[in-house]
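Dear colleague,

Please find below the structure that I am handing over to you. My notes on what was found in it follow directly after.

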Amino acid sequence: MNHHPTHPPSHPLTLARLQRIKRWHVAHKADHPLEYQLWDAVLTLWVMGWVGWVPAFAFDAPWAYPLCLLAIWSPRLYVGWRIRAHEAQRLRCDWLDAAG
């Protein structure tokens with residue numbers, strides 16, 4: 001069994017790492033359709049967070065800033081949650097090796 005840290009990796013989730021995880025999900029879509037859809041939802045939130053900053057500032061909507069930040073952090077939060085669940089043997093996470 002591979003050993004993964006008990007907390008999210010200290011290095012950021014780069015675009016290359018996000019792409020490796022996405023490629024794993026695409027390659028295993030037939031075997032893991034829910035994981036594929038969850039990762040797509042996480043990436044959608046991530047993009048919405050980055051794109052949402054512009055209208056939040058333009059329309060002076062400070063209530064949206066924390067939502068944008070949470071969305072931007074969604075991939076890191078999701079990967080960290082999956083690492084902890086995998087180590088606690090609550091969920092098996094086959095794509096952790098793809099995360100690098």
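**Overall picture**

The accessible surface of the protein comes to about 6600 Å², and 68% of this belongs to carbon and sulfur atoms. Such areas come from the Shrake-Rupley method with a 1.4 Å probe, and for residues only the protein chains shown count as cover. Please note that this is a predicted model, in which local features need pLDDT of at least 70 and side-chain atom pairs count only at pLDDT 80 or more, while totals for chains, interfaces and linings use all residues. Residues are numbered from 1 along each chain as its sequence is written, and side-chain values use heavy atoms, with hydrogens and water left out.

Helices (H or I, at least four residues) and strands (E, at least two) are DSSP runs, numbered from the N terminus. Of the 100 residues in the protein, 37% are buried. Here, buried means under 20% relative accessible area, exposed means over 50%, and partly exposed lies in between (1.4 Å probe, protein chains only). Among the contacts in the protein with a separation of 6 or more, 59% are accounted for by residues 24 or more positions apart. A contact means heavy atoms within 4.5 Å.

**Helices α1 and α2**

The axes of α1 and α2 come within 9 Å and cross at roughly 150 degrees. That crossing makes α1 roughly antiparallel to α2. Axes are lines fitted to C-alpha atoms, for helices over the stretch in contact, and angles run from 0 to 180 degrees between N-to-C directions. Angles under 35 degrees count as roughly parallel, over 145 as roughly antiparallel, 65 to 115 as roughly perpendicular and the rest as oblique.

The crossing of α1 past α2 is left-handed; this term applies if the near helix is turned anticlockwise from the far one by less than a right angle, and right-handed applies if clockwise. On the α1 side, L15, L18, I21, K22, W24, H25 and V26 take part, and they meet E35, Y36, W39, D40, L43 and W46 in α2. The residues of this contact divide into nine nonpolar, one polar and three charged. In this grouping, Ala, Val, Leu, Ile, Met, Phe, Trp, Tyr, Cys and Pro count as nonpolar, Asp, Glu, Lys and Arg as charged, and the others, Gly among them, as polar.

H25 deserves a separate word. This residue lies in helix α1 (residues 15–27) and, at 1% relative accessibility, counts as buried. Leaving aside residues up to four places away in sequence, H25 touches E35, Y36, W39 and W95.

**Helices α2 and α3**

How do helix α2 and helix α3 cross? The axes of helix α2 (residues 33–58) and helix α3 (residues 64–87) come within 7 Å and cross at roughly 155 degrees. The two helices are therefore roughly antiparallel to each other, and α2 passes α3 in a left-handed crossing. The contact is made by E35, L38, W39, V42, L45, W46, G49, W50, G52, W53, A56 and F57 of α2, together with A64, Y65, C68, L69, A71, I72, S74, P75, Y78, V79 and R82 of α3. These residues divide into 18 nonpolar, three polar and two charged.

Two valines of α2 may be read side by side. V42 is found in helix α2 and is buried, with a relative accessible area of 8%. Apart from residues up to four places away in sequence, V42 touches S74, P75 and Y78. V42 and W73 are 31 residues apart in sequence and 9.4 Å apart in space, C-alpha to C-alpha. V47 is also found in helix α2, but counts as partly exposed at 42% relative accessibility. V47 and S74 are 27 residues apart in sequence, and their C-alpha atoms are 9.9 Å apart in space.

**Two loop residues**

D60 lies in the loop between α2 and α3 and counts as exposed at 60% relative accessibility. Another is Q89, also not a glycine, with a positive phi near 60 degrees. Q89 is placed in the loop between α3 and α4 (96–99) and, at 65% relative accessibility, counts as exposed.

Yours sincerely
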